[in-house]
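Subject: Structure for your review

Dear colleague,

Please find below the structure that I am handing over to you. My notes on what was found in it follow directly after.

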Amino acid sequence: MFVGGLPLESTEETVTEMFTEYGKVRSIKLASDVFTGKCKGFGFIEMEGHEARAAIAGLNGKIMGDKSLKVQFEEPRKGGKRGGRR
């Protein structure tokens, strides 16, 4: 699942804690700034299908800090290719 709108202070531990309310978190990867190591506000979480659906229903649109969470089914891109200048 993709989760966006996370506060910049988020850690893998705090996000895992939030999602374990809905089931077992199999893996989590938050995008972090190369220089500061702080969360960029989004990441990817793996859970079982029915637990993931419960997490989406319970957390999508929830207000954290001053932002609204966006939680939806989405796979991380493979290969690490990113857009940019050529």
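A nonpolar core, as the term is used here, is a set of buried Ala, Val, Leu, Ile, Met, Phe, Trp, Tyr and Cys residues joined through side-chain atoms within 4.5 Å. Please bear in mind throughout that this is a predicted model.

By that definition, the largest nonpolar core has 18 residues. Those with the most contacts inside this core are M1, L6, V15, F19, I45, M47 and V71. At least two core residues are supplied by each of α1, β2, β3 and α2, and the largest share, 4 residues, comes from α2. As general background, nonpolar side chains tend to be buried together in soluble globular proteins.

Not counting residues up to four places away in sequence, M47 touches M1, F19, Y22, G23, K24, V25, R26, A52 and A55.

Helix α1 spans residues 12-19, and V15, M18 and F19 are buried in it. Viewed down the axis of α1, the buried residues fall within an arc of 95 degrees, so they line one face of the helix. The face turned away from the buried side of α1 carries the exposed residues E13 and E17. As for packing partners, the buried residues of α1 pack against β1 (2-4), β2 (25-32), β3 (39-47), α2 (49-59), β4 (63-64) and β6 (70-72).

In α2, the buried residues are E51, A52, A55, I56 and L59. Their directions, seen down the axis of α2, fall within an arc of 140 degrees, so these residues also line one face of their helix. H50 and A57 are exposed residues on the face of α2 turned away from its buried side. The buried residues of α2 pack against α1, β3 and β6. Just after α2, G61 takes a positive phi of about 90 degrees.

Turning to electrostatics, how many salt bridges does a search of the whole structure find? The search finds 1 salt bridge, in which the side chains of E48 and R26 meet at 3.3 Å, N to O. E48 lies in the loop between β3 and α2 and R26 in strand β2, so the pair ties together parts that are 22 residues apart in sequence. E48 is partly exposed, with a relative accessible area of 38%.

A polar atom of the S10 side chain lies 2.8 Å from the backbone oxygen of P7. Leaving aside neighbours within four places in sequence, S10 is in contact with V15, L30 and C39.

K38, by contrast, is exposed, with a relative accessible area of 53%, and is found in the loop between β2 and β3. Its contacts, leaving aside neighbours within four places in sequence, are with L8, A31, S32 and D33. K38 and T11 are 27 residues apart in sequence, and their C-alpha atoms are 8.1 Å apart in space.

Yours sincerely

Technical notes:
Residues numbered from 1 in each chain as written. Predicted model: local features only at pLDDT ≥ 70, side-chain atom pairs only at ≥ 80, totals over all residues. Heavy atoms only, no water. Buried < 20%, exposed > 50% of the residue type's maximum accessible area, 1.4 Å probe, protein only. Arc of directions from axis to C-beta. Contact = heavy atoms within 4.5 Å. Salt bridge = Lys/Arg side-chain N within 4 Å of Asp/Glu carboxyl O. Polar contact = N/O pair within 3.5 Å; in protein donor to acceptor, adjacent residues only side chain to side chain.
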